[in-house]
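Please read it alongside the model.

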Amino acid sequence: MHSGALTSTAVRLEQLQLAAAYLLIAELLLYPEERDAATLEDCRRVLDGVPAVTEPIDAFLASPRADDLDEYLALLELAPTCPLYLGAYMFEEPSSCRGAGLSDRNAYMLELKAIYRHFGLEPAGNEMADFLPLVAEFLALALAQGELDGVGLRRRLLERHVAPALPVLRQKLEKYESPYARLIECLALLVEHDAASCPGPAWEAEPSALELPMLKPFVEAAGSAGGTRGTTGGEEARP
């Protein structure tokens, strides 16, 4: 990537390269038979002269396992050992349907969808919002919507919702000596570079009403009387 004193033309070119790199990785993370050859060729052409990106991608493409359908299905798709869902590497799986609704991962998914909508984009299919090819495609397309990010949303997405999952996914892929590990390693470098290029700090959410300690005074009062709600202390308080 270019660095240092950049002309405005070079900055635009760098953004094109970053977008092409995200799109290229998004395409390569799809099922091999669903990859669009024209998109792969176009994006790869834009990245000529950027060895930090092309070398790991070319190494991936040179592997016979890059197009192996069984490799993809076993590792990434059917009851996968290395699922392409970022939330799987950051949150515990809920043990019940009620737990799913209240889980941190559910809040994470809702925030991802809200960020997509803020930038005027919406997932077109049935994939979950944290599906990595979808996330990488969003990162590419949202680069052209920079005027909509005045509060640090992109930086928050990169630093809080994408970057923490990638090393875990890469390590799992490396255990199987999968060539997909090279793609994830390259993506992690792009995300790091992208976040460092974002102006200002990441956006921080205001505490919601649900996060306020609304019941704390009552619980403390019950505790000081010798019990909590539903304990024998409550029986003594009945008229």
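Which are the buried residues of helix 8?

1. The buried residues of helix 8 are L153, R154, R155, R156, L157, L158, H161 and V162, where buried means under 20% relative accessible area with a 1.4 Å probe, protein chains only, and helices are DSSP runs (H or I, at least four residues) numbered from the N terminus. Because eight of the 10 residues of this helix (residues 153-162) are buried, it is largely enclosed by the rest of the structure.

2. This is a predicted model, in which local features need pLDDT of at least 70 and side-chain atom pairs count only at pLDDT 80 or more, while totals for chains, interfaces and linings use all residues. Residues are numbered from 1 along each chain as its sequence is written, and side-chain values use heavy atoms, with hydrogens and water left out.

3. Y72 lies in helix 4 (residues 69-77) and is buried, with a relative accessible area of 2%. Leaving aside residues up to four places away in sequence, Y72 touches L29, L30, Y31, P32, E77, L84 and Y180, contact meaning heavy atoms within 4.5 Å. Y72 and Y180 are 108 residues apart in sequence, yet their C-alpha atoms are 9.2 Å apart in space.

4. Helix 3 (residues 51-62) packs with helix 10 (residues 180-197) at an angle of about 165°, their axes being 8 Å apart; the axes are lines fitted to C-alpha atoms over the stretch in contact, and angles run from 0 to 180 degrees between N-to-C directions. The contact is made by A52, V53, P56, I57, A59 and F60 of helix 3 and by Y180, R182, L183, C186 and L190 of helix 10.

Technical notes
Helices (H or I, at least four residues) and strands (E, at least two) are DSSP runs, numbered from the N terminus. Buried means under 20% relative accessible area, exposed over 50%, partly exposed in between (1.4 Å probe, protein chains only).
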